[in-house]
Amino acid sequence: MPDLEQDGENDFLIEKIKVKPVNKRKLIRKTLITAAMAVIFGLIACFTFLILEPVINNWLYPEEDPPVIVFPEDLEEMLPEEMLAENLPTESPEPTSAPEQEGVVLESEQIQEILSKVTLDLDNYVELYSVMSAYVSKIKNCMVSITAIKSAVSWFSDVQESRNLCSGVIIFDTGRELLVLTDYSSVMLAEKLLLTFQNNVIVEATLKRQDPETDLAVLAVDLEDMPEELIEEGFSVAPLGSSNVWNLTGMPVVALGSPMGSSNSVAYGMITSANTTLSLTDRNYNLLMTDISGSRNASGVLFNLKGQLIGVITNKRAEADMENLIGAFGISELQKIVEKMSNASDVAYMGIKGGDVPREVHQEFGVPYGAYVEKIDINSPAMRAGIQQGDVITGINDTTFTSFRGYSNFLLQAEPEQTVDVSVMRQAQGGEYREMSFSIELEKMK
């Protein structure tokens with residue numbers, strides 16, 4: 001018995017736990033499935049976020065559409081006889097009891113006697129230019145100096161900066177952006193554009209649109225990037241005048257910008273000719289020629305003495321013997337193309353140069369009125385469609401016109417890649433003109 005009890009005391013229950021063997025294939029499969037599901041759900045989440053984020057953001061922070069820039073319509077000034085006729089009374093004035101006073105009529109000898117008593121000395125000359133200087137100081141707030149910066153790597157791998165200076169004029173304030181008109185050739189290769197205002201504040205600008213035909217460009221400055229002191233009193237927008245006034249020849253003007261080739265230079269003079277036409281592709285421009293002898297690289301604008309912008313200085317010339325005299329595009333002819341650039345809109349291109357059909361030619365030779373084709377750009381939409389020199393374009397789609405301006409105005413309202421039906425009058429055998437039609441796909445002006 002004691003032995004049995006002793007044996008029972010020494011007996012123990014021994015439990016051995018076996019580790020279950022790992023199935024590596026199943027583990028790898030589960031891991032891959034988990035990773036694949038994570039990737040799939042991540043892609044779905046990203047895709048959903050990309051779709052819903054703009055919607056939610058626009059709902060929480062609605063963004064206003066950019067304003068459409070429209071310059072005021074340019075109206076031709078009334079002739080003196082028209083103004084006189086408009087101011088004539090429609091009814092006869094009632095007789096009054098007061099005696100009529102006859103107007104004083106001076107003879108030429110009396111006028112000469114009065115003028116001979118008026119003496120001008122050096123002080124009058126100084127006073128005149130002092131008044132002009134004060135006027136220039138006032139309108140100079142419309143002007144900015146532009147620094148176009150470009151980087152280049154030398155033979156020794158050194159980075160060198162080149163700077164090109166030109167002038168610009170402030171033409172519009174949208175409430176979001178400040179728009180500046182300048183020369184395209186001066187800024188076309190720039191990597192960075194800096195605008196210096198009259199109070200020496202410098203801000204960065206971007207190129208918004210350009211027109212290589214006129215060599216003009218519009219720069220934009222974000223108003224949020226401008227310091228408050230500049231927004232309050234550092235600039236002003238140039239009011240646009242008219243270059244369609246009847247008495248433009250002989251009008252005194254001030255050239256601002258870089259008329260002498262250096263920034264912030266000024267010149268005084270007058271308009272000597274306002275009827276010179278410069279023929280460019282798809283558009284004709286009126287050149288205002290002055291008696292101001294300036295630089296061949298002149299840039300800037302012309303102001304009249306009312307503080308209005310009436311011309312943009314250009315180096316394009318219609319006459320070779322007037323190289324040193326400053327000429328300018330009339331602002332009335334530039335208005336629509338500048339409006340296009342200000343709205344960052346592309347300009348439709350057909351590719352012809354031409355003019356109007358004079359009334360004498362129409363009456364004597366029977367040439368129909370319209371846009372007379374003088375030249376055609378190589379590989380242009382007009383050439384590929386079959387337009388020829390000597391054709392007269394009389395209409396596009398449902399719009400008919402009797403002048404080259406009507407043709408140009410239609411293209412300014414059209415869109416690139418738009419297909420239009422062009423009506424053309426072409427001279428046939430016997431001198432008669434026959435109507436033809438061409439389907440032309442417009443391109444973007446390059």
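Predicted model: local features only at pLDDT ≥ 70, side-chain atom pairs only at ≥ 80, totals over all residues.
Student: Which residues make the nonpolar surface patch?
Tutor: Leu 122, Tyr 125, Val 126, Leu 128, Tyr 129 and Tyr 268 make it, over about 620 Å². Patch residues have over 30% relative accessible area (Shrake-Rupley, 1.4 Å probe, only the protein chains shown counting as cover) and no salt bridge (a Lys or Arg side-chain nitrogen within 4 Å of an Asp or Glu carboxyl oxygen), with nonpolar side chains (Val, Leu, Ile, Met, Phe, Trp, Tyr) joined within 5 Å and like charges within 9 Å.

Student: And which helix gives the most to it?
Tutor: Helix H5, residues 122-139, does, with five residues; helices here are DSSP runs of H or I with at least four residues, and strands are E runs of at least two, numbered from the N terminus.

Student: Why does Tyr 129 count as partly exposed?
Tutor: Tyr 129, which lies in helix H5, counts as partly exposed because its relative accessibility is 38%, where buried means under 20%, exposed over 50% and partly exposed in between.

Student: New topic: where does Asn 200 lie?
Tutor: Asn 200 lies in the loop between strand S4 (192-196) and strand S5 (202-211), and its phi is near 70°, a positive value in a residue other than glycine.

Student: Is Asn 200 buried or exposed?
Tutor: Asn 200 is exposed, with a relative accessible area of 62%.

Student: What about phi at Ala 344?
Tutor: Ala 344 has a positive phi of about 55° although it is not a glycine, and Ala 344 sits in the loop between helix H8 (331-342) and strand S13 (348-349).

Technical notes. Residues numbered from 1 in each chain as written. Heavy atoms only, no water. Buried < 20%, exposed > 50% of the residue type's maximum accessible area, 1.4 Å probe, protein only.
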